[in-house]
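Student: I have a structure open and have not looked at it before. Can we walk through some parts of it?

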Amino acid sequence: MLFHHHGYVSTDPRIHPAAGVGLDRPAELPDEMDVLIVGTGPAGMIAAAQLAMFPDVHTRIVERRPHRLEIGQADGIQARSVETFQAFGFASEIIDEAFDLTSMAFWNPDPENPSTIVRTQLAEDDPEGISEFPHLIVNQARILDWFAEYMENSPTRARPDYGWAFEGLDDSGEGEHPVTVTLRRTVDAEGAPLEDPQQGELRQVRARYVVGADGAGSRVRKAIGHSLSGDAANHAWGVMDTLAVTDFPDIRTKCAIHSNQGSILLIPREGGHLFRLYVDLGVVPEDDGGKVRQTPLEEVIRRAQQILHPYTLDVKEVPWHSVYEVGHRLTSGFDNRERVGRPNVFLLGDACHTHSAKAGQGMNVSMQDGWNLGWKLGQVLSGIAPVELVPTYGDERKDIAKNLIDFDKEWSTLMAKPTSELGDPNEVAEFYTKTAEFPAGFMTEYQPSLLTTDGTGQELATGFPIGKRFTSALVERSCDTNVKHLGHLHRADGRWRVYVFADAAAPQDADSKVAAWAQAVEEDPQSFRNRHTPADGPQDARFDIKVVYQQKQTEFAHPDVPAVFRPTTGPLGLIDLNNIFATCRAKHGEDIFDARGISRDGAVVVVRPDHYVSGVFGLDEVERLNAFFAGVLLDAR
């Protein structure tokens, strides 16, 4: 964390100075705003948290509940999400609090006594080291708490507005705030829930953009004429968070359990005692009409006890439980472009895609929806990027949602298969291991577009696939010899990252290609940095430009490095020396050039504000780099 650049700080450095709308943010919901987000689930909260870092963007997020979520339904945090939390500054806190899921056990009928179950395999959760971050289990409510804290510590001092329910909208307006939203108050003057929510006062507010993050039953989705479509698996599951006494050996290990009585997916929870059971309730008749959802908790417990035989399960407390039918549905659209041409209403998370909970994808994919849209709205509303950036949200995320649905169909079908239909007792385990990269969140790959170049230059950095998330690696910071993960320094501040990987020449060498690159960026008025950085703003206001040299830290000094990598910062004009890196010494066992397939002739890797690689450029391709940014950012001069 970098601070003191605005002067000495003795208080919590995570609290940014109030700026922009944070200087006089209205305590009560105003009549007009830039962005109105409906729903404080993970998708809505991450979008609000990202927007909170744009001081001049007035964002409000409303929630029909009277207060914060107390018990969350989602609990699985994939490694990609933990990378995201690192960008928002709270990964270490979540890791300390959560359950670290390192392996998965697979239980099947005992061939010698099929009425009982035995463990047939124990699979490592991430055998290939896909990410340096773990796979975690933690209550969704805690994730929302951390995003809420991040919002309140941001320059805009944002916080949720509880006690407002969405009633409808009109997206056909004109002017600066074309969307009129009708809200209904669900709490009284003291914040207590109204006995009859329909008696709450109605209120109309106007916004430039509206974001529907209001769940599978999304009223925002219905208001813009979209619907969820797909199929149901006609299979029901009971889910319960459980405190119990049991002799089942793997009660603190994630398990896929198949017995002749049905299936269980067991998820250990944070705190060392709580665990979640997804219990197979069997096939649902087509004419059930939702009656299965009324299955009593006692029946779910009884089924679980049958499936776990010969082990015992003495349930002591169930803090939360539910019954659901597996369905896989996708929205007919992610925004309202078909109604108004240029979209100004968007859908996130469960409002777009619904599926089973057993792959642990709902919250994780939803948060990437929210981050994708959040930085784009922030840049457009701040005058940094053209309005054409906004529709790319739906263009990019609809394919990801389709891939999610397809994966979950296969996984949930396998979990529901009777043991008699499994061709191989290890079929589920093999699928889990083979597809590990997808549920971990690392198969997302954006196609060539305004934001993503084609494959040109990919051979210069094969370990940073264009369109996929930036894969971190260790480097050594020149100024203090600290070894850092380069990707962990990426903060959710709305800036672009430009990582310059040097050629073989040292900084002080006359033939340094990096020196020539830096000179072009410094001196050309049309260079991406000069064209898109406000003349009266910090030199790193739009771009976080870092350099990694092939030499060791002892072989050069920061005064030898071009000034573009040593920007002045803050009102005191201090020089930031934290952007200059060397390859790690042998004791750290990693050379980033080898680890990420970077050409020894050098390369420039451009990473967008939400961690995804936009393009790879040669050190002699400054003009191509300038042209790329001219297509996604406005001239700041």
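This is a predicted model: local features need pLDDT of at least 70, side-chain atom pairs count only at pLDDT 80 or more; totals for chains, interfaces and linings use all residues.

Student: Fine. Start with helix H1. At what angle do H1 and H8 pack?

Tutor: Helix H1, residues 42-51, packs with H8 at an angle of about 30 degrees, and their axes are 7 Å apart. Because angles under 35 degrees count that way, H1 is roughly parallel to H8. H1 passes H8 in a right-handed crossing.

Student: Which residues make that contact?

Tutor: On the H1 side they include Pro-42, Ala-43, Ile-46 and Ala-47. On the H8 side, Met-363, Ser-366, Gly-370, Trp-371, Gly-374 and Trp-375 are among them.

Student: And H4, how does that one lie against H1? What is the angle there?

Tutor: The axes of H1 and helix H4, which spans residues 140-153, cross at roughly 20 degrees and come within 9 Å. H1 and H4 are therefore roughly parallel to each other. The crossing of H1 past H4 is left-handed.

Student: Which residues meet?

Tutor: Pro-42, Met-45, Ile-46, Ala-48 and Ala-49 are the H1 residues, and in H4 they meet Gln-140, Leu-144, Phe-147, Ala-148, Tyr-150 and Met-151.

Student: Next, H2. How many of its residues are buried?

Tutor: Helix H2, residues 79-87, is mostly covered, with 9 of its 9 residues buried.

Student: I clicked on Thr-156. Where does it lie?

Tutor: Thr-156 is in the loop between H4 and strand E8 (161-162). Its relative accessibility is 4%, so Thr-156 counts as buried.

Student: What does its side chain reach?

Tutor: The Thr-156 side chain reaches the backbone oxygen of Ala-52 at 2.9 Å. Leaving out residues up to four places away in sequence, Thr-156 touches Ala-19, Val-21, Gly-22, Arg-25, Ala-52, Phe-54, Pro-55 and Val-57.

Student: Now a histidine. Where is His-226 found?

Tutor: His-226 sits in the loop between helix H5 (219-223) and strand E12 (228-246). His-226 has a relative accessible area of 9%, so it is buried.

Student: Which backbone atoms does the side chain of His-226 reach?

Tutor: One is the backbone nitrogen of Gly-333, at 3.4 Å. Another is the backbone oxygen of Asp-335, at 2.7 Å. Not counting residues up to four places away in sequence, His-226 also touches others, including Arg-221, Thr-331, Ser-332 and Leu-347.

Student: On to the rings. How many aromatic pairs are there?

Tutor: The count comes to 29 aromatic pairs. One of these pairs is Phe-346 with Tyr-393, an edge-to-face pair with 6.2 Å centre to centre and 80 degrees between the planes. Phe-346 is in strand E17 (residues 345-347) and Tyr-393 in helix H9 (residues 392-416), 47 residues apart. Both Phe-346 and Tyr-393 are buried.

Student: Last one, Arg-529. Which residue does its side chain join in a polar contact?

Tutor: That residue is Glu-522, and the contact between the two side chains is 3.4 Å. Arg-529 is in helix H12 (residues 528-532) and is buried, with a relative accessible area of 9%. Among the residues Arg-529 touches are Val-521, Gln-539, Ile-545 and Phe-543, and Phe-543 is one of the residues in the aromatic cluster.

How values were computed: Residues are numbered from 1 along each chain as its sequence is written. Side-chain values use heavy atoms; hydrogens and water are left out. Helices (H or I, at least four residues) and strands (E, at least two) are DSSP runs, numbered from the N terminus. Buried means under 20% relative accessible area, exposed over 50%, partly exposed in between (1.4 Å probe, protein chains only). A polar contact is a pair of N or O atoms within 3.5 Å; within protein, one must be able to donate a hydrogen and the other to accept it, and residues adjacent in sequence count only if both atoms are side-chain atoms. Contact means heavy atoms within 4.5 Å. Rings of Phe, Tyr and Trp (its six-membered ring) pair if their centres lie within 6.5 Å; planes under 30 degrees apart count as stacked, over 60 as edge-to-face and the rest as tilted. Axes are lines fitted to C-alpha atoms, for helices over the stretch in contact, and angles run from 0 to 180 degrees between N-to-C directions. Angles under 35 degrees count as roughly parallel, over 145 as roughly antiparallel, 65 to 115 as roughly perpendicular and the rest as oblique. A crossing is left-handed if the near helix is turned anticlockwise from the far one by less than a right angle, and right-handed if clockwise.
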